[in-house]
Amino acid sequence: MQEFWQWAGSYWWLIFPIMGMAGGAAKAWEQSAKRRHERRLETLKMKAQLKTAEIEARALTQQAKRRGPSVVDTTASVAPNDLLVRLFAEHDEITARWLDYELDVAKLIAFPAMSDGRQPLTAAFLRAKKTADALRPASAEAKVTEHQVAEYLQAVGDYAVAFEIAEKDARRLRDSTFTEPERKRLERAQQLLKVAVDESATQAERNVAYKRVREELDGLILLSDDAVTVLEKQVAKELSAPVVTPEPPAAPEPERMPVAEPLRPAPPARREGA
């Protein structure tokens, strides 16, 4: 050990180039991370533009089908009402796919990143959802300008692409962002959840399993109030009543014929004057 310190004392000046090399490596890593982030944003923007064009093209095609065979001017803009109907359907479909994760506790345990706003891609999706919801007109017959329709069209495209990217990332990550003890808790929660919603289990077993599920997930996954309500309804679901086979009616007893009483001899006639 003493020899090492003697060597270090002789070459103390090496610390300066080593620090310079470390600083250069850190700077290069930071620049590389920044370039990856920029490429990801460019990809997201390009996909959103393609999705927007796809939605508008499908709306134009459906409009042409309703009008019958005719010469379609592809440069003409889509009627606002027809486009809004299509956009509403697309918007609702994405929201339904998101709620499928948000309200299903089993899916939340399997893909926790879908409910974790700390994940960058999930946060981007939630921002896109908020924008699309804010720009959505009240109805397809609402009076809106072409600029408002264009904004909503872009917002729905961004919303669709952001969901697809967040979903793929959540399925890739699964529970890899958790520590080993936390993953064990998630596994126990999955097993207990099966008991909590098992119709063949008793109500007491369901209640205990539900309570333990909440304990295992505490601090790991934040369940929304709606998800808790859905789960509680599944836990409190009435057990199916056992099927009782009706017994066949008893056969009627044969009627008994009345038994004739035996004939009794008539009393002897009394003689006169006796």
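In helix 8, Q203, R206, N207, Y210 and R214 meet V228, L231, E232, Q234 and V235 of helix 9; contact means heavy atoms within 4.5 Å. Those residues divide into four nonpolar, three polar and three charged. Here Ala, Val, Leu, Ile, Met, Phe, Trp, Tyr, Cys and Pro count as nonpolar, Asp, Glu, Lys and Arg as charged, and the others, Gly among them, as polar.

A word on the source. This is a predicted model: local features need pLDDT of at least 70, side-chain atom pairs count only at pLDDT 80 or more, and totals for chains, interfaces and linings use all residues. Residues are numbered from 1 along each chain as its sequence is written, and side-chain values use heavy atoms, with hydrogens and water left out.

Back to the helices. Helix 9 covers residues 225-235, and helix 8 packs with it at about 155°, axes 10 Å apart. Axes are lines fitted to C-alpha atoms over the stretch in contact, and angles run from 0 to 180 degrees between N-to-C directions. Helices are DSSP runs (H or I, at least four residues), numbered from the N terminus. Helix 8 and helix 9 are therefore roughly antiparallel, meaning an angle over 145 degrees.

Now helix 7, residues 180-196. It packs with helix 8, residues 203-217, at about 155°, with axes 8 Å apart.

Last, the rings. W98, F125, Y159 and F163 are linked into a cluster by ring pairs (Phe, Tyr and six-membered Trp rings, centres within 6.5 Å). R171 lies over the face of F111, 4.4 Å from the ring centre. The cut-offs there: NZ of Lys or CZ of Arg within 6 Å of the centre and within 35 degrees of the ring normal.

Definitions and conventions. Phe/Tyr/Trp six-rings, centres within 6.5 Å; stacked < 30°, edge-to-face > 60°. Helix = DSSP H or I, 4+ residues; strand = E, 2+ residues; numbered from the N terminus. Parallel < 35°, antiparallel > 145°, perpendicular 65-115°, else oblique.
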